[in-house]
Amino acid sequence: MTWSSCWFRRSVLMLRKVLIWAAVCAALLVPVVAAGFSPLLQWRQPIYIVAGFAGIVGFSLMLLQPLLAGGYLPGLPALKGRRVHRWVGAGIVALVVLHVGGLWLTSPPDVVDALLLRSPTPFSVWGVLVMWLIFATAALALTRKRLGVRPMTWRRVHTALAVLIVAGTGLHAILIQGTMETVSKFALCALALGATIKVIRDLRIWAGKTR
C-alpha cells in the first residue's frame, strides 16, 4: 500500500467519524434547540422552563443510550461505550427527578393527580409510567449483582424495559402540545426507538447470544 492510498484511506475514515458524530449531535441537539424557539416559553415561569427542558434533554439522551450500548459511535467501542452508557443512564434519572420536581414546584395539584393516575390528560399517565420504569431500571442496575441476577437475564430485562421507556417517552412527548417542535419530536422518537430495536437485533440478546 502506497503512502498516498494510506493517507486517502485514513482521510475517508476520519471523515466518516466526523460525519457520524455530526449526525448524532444534530439528532440530539435539534429538538432541544427547536424547543428553545417556542413562543410558549414567554408565558412560563423559569422553574417550569427548566423542568420542561430537563425532560427534553432526557428524551434526547435516550437516543444516545443504544448507540453507546451497541458500540456504534467512533472512538467508543462496545466496552467503553457501555461504561459511558451507565453514566448517561444516571444522568437521565437525575433529569427525570429535575423534570418532575420542577413541575411539582410550579403546580403541585397537577403532579399529585398525575402520580395518582387521576389526571384527565393521557400524556400524564405515560409520563408517570415512564418515570417508574426508569426508576425500576436504575434500581435493578444497582442491585442486580446483590440479587444474583444472571447477566443474560439482566440484558433481556433491561432491553425490554428500554423499549417500553423509549416508546412511552415518545407517546408522552407526542401527546403534549407544548414547547417541543412537532417534526423534530417525531423524528427523535423514531430514531430513539429504531436505534433501540437495532441494538437488540444486532446483539442478538433474545437469541441468547451477544457479541
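Begin by selecting Arg 86, which is exposed, with a relative accessible area of 55% (exposed means over 50%, buried under 20% and partly exposed in between, with a 1.4 Å probe and protein chains only). The model is predicted, so local features need pLDDT of at least 70 and side-chain atom pairs pLDDT 80 or more, while totals for chains, interfaces and linings use all residues. Residues are numbered from 1 along each chain as its sequence is written, and side-chain values use heavy atoms, without hydrogens and water.

Arg 86 lies in helix H3 (helices are DSSP runs of H or I with at least four residues, numbered from the N terminus). Patch residues have over 30% relative accessible area and no salt bridge, with like charges joined within 9 Å and nonpolar side chains within 5 Å; a salt bridge is a side-chain nitrogen of Lys or Arg within 4 Å of a carboxyl oxygen of Asp or Glu. Helix H3 (residues 78-106) gives this patch its largest share, three residues.

Next, select Trp 126, Leu 129, Leu 171 and Leu 175, a nonpolar surface patch with about 320 Å² of accessible area together (Shrake-Rupley method, 1.4 Å probe). H5 and helix H6 (151-175) each supply at least two of its residues. Leu 171, in helix H6, is partly exposed at 35% relative accessibility.

Finally, select Trp 132 and Phe 135, which are three residues apart in helix H5 (residues 122-147) and therefore separated by about one helical turn. Phe 135 is partly exposed, at 25% relative accessible area.
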